[in-house]
Amino acid sequence: MPTSSDRPVPAGTPDAQAAGQPMVAAPPGAPAAGPPQRPPAVLRLDDVAAGYGAAPIVSGVSISVGSGEVVSVIGPNGAGKSTLLKTVTGRLPVMAGTITFGDRDVTNMRGNRLARMGLGFVPQTRDVFDTLTVAENLEMGGYLLSKSQIAARVDTVLSVFPALAGMQSRTASKLSGGERKMLAMARVLMLEPSVLVLDEPTSNLSPDLSRSVLRDQVRRLADAGTAVLLVEQKAFEALGVSDWAYILVAGRVEIAGPAEDILARPDIREVFLGRSSNADEAAGG
Ligand SMILES: Nc1ncnc2c1ncn2[C@@H]1O[C@H](COP(=O)(O)OP(=O)(O)OP(=O)(O)O)[C@@H](O)[C@H]1O
Ligand SMILES: [Mg+2]
């Protein structure tokens with residue numbers, strides 16, 4: 001196979017990451033910086049294709065997330081972001097490529113096994129059990145634990161989301177949008193996931209609450225060592241708390257690089273951020 005050292009590596013490939021290359025060109029006038037150091041991947045996709053029928057919706061996707069990182073996948077509606085997360089979390093079959101978790105090949109492993117291994121997923125909808133109380137939702141989240149472990153873990157999780165502590169007997173359907181999202185994350189945290197996959201954790205939240213969820217919760221979880229793979233409509237806010245980002249367009253990773261660099265690119269700002277942040281403001285949330 002012909003290889004050439006000066007051949008550009010495709011955006012987002014593990015080769016490019018292994019080379020430590022910033023995959024987004026620095027904007028003119030930006031200070032020269034060394035290549036950003038990324039932690040070793042905990043979860044990694046190589047050349048993955050997936051979809052619902054014969055034709056894949058996402059293809060050739062190579063992305064990774066390491067401990068302590070928030071990695072965002074952003075892109076237009078219908079780009080395949082949720083499809084990608086469903087594939088990563090074992091809800092959709094992998095048509096091609098491989099998924100590695102730690103040093104294990106987990107390609108096409110089912111979601112419940114992945115959960116046991118430490119992969120937590122907060123889907124965009126149906127994220128809590130509506131008819132159960134806050135306490136019951138947390139207990140369900142700890143379904144693999146013993147009774148005493150659950151009790152200890154509930155205490156820990158409530159210390160991360162203190163707002164939930166006073167509403168343990170409240171039925172989930174009566175929670176506000178923000179409280180509900182907190183519960184959804186708290187429920188998944190019951191099993192102490194090493195990787196947390198979040199599909200639009202701020203949907204239906206006000207701009208203030210969205211910022212709080214991303215900065216005070218998502219970022220903090222990563223700072224405590226969790227690897228976070230985040231899909232967000234609020235691209236500007238997501239990039240603000242992310243270390244690394246991938247831009248998914250029509251099922252393919254078009255651009256990958258440090259979130260900071262992507263935020264600084266005027267073309268990206270116009271195409272993805274201008275539109276989505278204006279839309280957020282117009283929608284009031
Ligand atoms: N269950 C399904 N069966 C068939 N096609 C689907 C299914 N879910 C999604 N799709 C299609 O897959 C494509 C990608 O959808 P997906 O939900 O992954 O996009 P997305 O990037 O998450 O979009 P959004 O930003 O609107 O959430 C779309 O064309 C969508 O219609
Ligand atoms: Mg989606």
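Reader: In what order do the four strands of the open sheet come?
Author: Keep in mind that this is a predicted model. The order is β2-β1-β4-β5, and the pairing is antiparallel.

Reader: Ok, and which are the edge strands?
Author: Those are β2, residues 58-66, and β5, residues 104-105. Each of them pairs on one side only.

Reader: What actually holds strands of a sheet together, in general?
Author: Strands pair through backbone hydrogen bonds, and the pairing can be parallel or antiparallel.

Reader: Back to this one: how many bridges are there between β1 and β2?
Author: Six bridges, with β1 covering residues 41-50. If you want a spot to look at, find L43: across from it in β2 is V65.

Reader: New topic: which residues surround ligand 1?
Author: Y52, I57, G75, N77, G78, A79, G80, K81, S82 and T83.

Reader: And how does that shell split by class?
Author: Six residues are polar, three are nonpolar and one is charged.

Reader: Zooming out, how many helices and strands does the chain have?
Author: Eleven helices and ten strands.

Reader: What share of the chain is buried?
Author: Of its 285 residues, 42% are buried.

Reader: Last one: what share of the contacts with a separation of 6 or more joins residues 24 or more positions apart?
Author: That comes to 69% of them.

Technical notes: Residues are numbered from 1 along each chain as its sequence is written. Chains are lettered from A and ligands numbered from 1 in the order in which they are written. This is a predicted model: local features need pLDDT of at least 70, side-chain atom pairs count only at pLDDT 80 or more; totals for chains, interfaces and linings use all residues. A residue is near a molecule or strand if its C-beta atom, placed from the backbone, lies within 6 Å of it. Ala, Val, Leu, Ile, Met, Phe, Trp, Tyr, Cys and Pro count as nonpolar, Asp, Glu, Lys and Arg as charged, and the others, Gly among them, as polar. Two strands pair if DSSP finds at least two bridges between them. Helices (H or I, at least four residues) and strands (E, at least two) are DSSP runs, numbered from the N terminus. A residue is buried if 20 or more other C-beta atoms lie within 10 Å of its own, exposed if 12 or fewer, and partly exposed in between; C-beta atoms are placed from the backbone. Two residues are in contact if their C-beta atoms, placed from the backbone, lie within 7 Å.
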